[in-house]
Amino acid sequence: MSDQLKKYKCHKEVHARPMTRGEFVQYKYPNSAVNLELDQNEPGYLVVYSNSYESWSPATVFDEGYTEVVDLVDLVEFDDDCGGACKI
């Protein structure tokens, strides 16, 4: 079968936060029945794509495919005492 499959690499940017499978079910489908065959405490992530689509990903799968992006603005401190100069 692997000879029929092409290889792909993920290059999309998403927003995410930690969330168990059970928390995702309650968040996304608050009135639905829980599938007790699946581990509701399994660690994972709520994943939000650029088109606002939301999904859940197991932590192992997410961690293998994504690296956190840190914006430089988040690392900069603005100091009013120094005329607005910034320090990193």
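This section describes the strands, helix packing, salt bridges and aromatic pairs of a predicted model.

In this predicted model, local features need pLDDT of at least 70 and side-chain atom pairs count only at pLDDT 80 or more, whereas totals for chains, interfaces and linings use all residues. Residues are numbered from 1 along each chain as its sequence is written, and side-chain values use heavy atoms, with hydrogens and water left out.

Secondary structure elements are DSSP runs numbered from the N terminus, helices (H or I) having at least four residues and strands (E) at least two. Within this scheme, an open sheet of 3 strands has the order E1-E2-E3 with antiparallel pairing, where two strands are taken to pair if DSSP finds at least two bridges between them. Strand E1 (15-18) and strand E3 are the edge strands, each of them pairing on one side only, and from one strand to the next the twist averages 25 degrees. The antiparallel pairing of E1 and E2 extends over 4 bridges, and arginine 17 stands opposite leucine 46 in E2.

Helix H1 lies across E2 and E3 and runs at about 170 degrees to E3; axes here are lines fitted to C-alpha atoms, for helices over the stretch in contact, and angles run from 0 to 180 degrees between N-to-C directions. Serine 55, which is found in strand E3, counts as buried at 14% relative accessibility, given that buried means under 20% relative accessible area, exposed over 50%, and partly exposed in between (1.4 Å probe, protein chains only). When residues up to four places away in sequence are not counted, serine 55 touches Phe24, Tyr45, Leu46, Val47 and Tyr49, a contact being defined by heavy atoms within 4.5 Å.

A salt bridge is assigned where a side-chain nitrogen of Lys or Arg lies within 4 Å of a carboxyl oxygen of Asp or Glu, and by this rule the count comes to 2. In one of them, the side chains of glutamate 42 and arginine 21 meet at 2.6 Å, N to O. Because glutamate 42 lies in the loop between helix H1 (21-28) and strand E2 (44-48) while arginine 21 belongs to helix H1, the pair ties together parts that are 21 residues apart in sequence. Glutamate 42 is partly exposed, at 22% relative accessibility, whereas arginine 21 is buried, with a relative accessible area of 18%. A salt bridge is also formed by the side chains of lysine 28 and glutamate 54, at 3.4 Å, N to O. This pair links distant parts of the chain, with lysine 28 in helix H1 and glutamate 54 in strand E3 (residues 54-58), 26 residues apart. Lysine 28 is partly exposed, with a relative accessible area of 31%, while glutamate 54 counts as buried at 19% relative accessibility.

Rings of Phe, Tyr and Trp (its six-membered ring) are treated as paired if their centres lie within 6.5 Å, planes under 30 degrees apart counting as stacked, over 60 as edge-to-face and the rest as tilted. The structure holds 4 aromatic pairs, among them the tilted pair of tyrosine 49 and tyrosine 53, at 5.9 Å centre to centre with 35 degrees between the planes. Tyrosine 49 is partly exposed at 23% relative accessibility, and tyrosine 53 is exposed, with a relative accessible area of 51%. The rings of phenylalanine 62 and tyrosine 66 have centres 4.7 Å apart and planes at 25 degrees, so this pair is stacked. Phenylalanine 62 counts as buried at 10% relative accessibility, and Tyr45, Phe62 and Tyr66 form one aromatic cluster.
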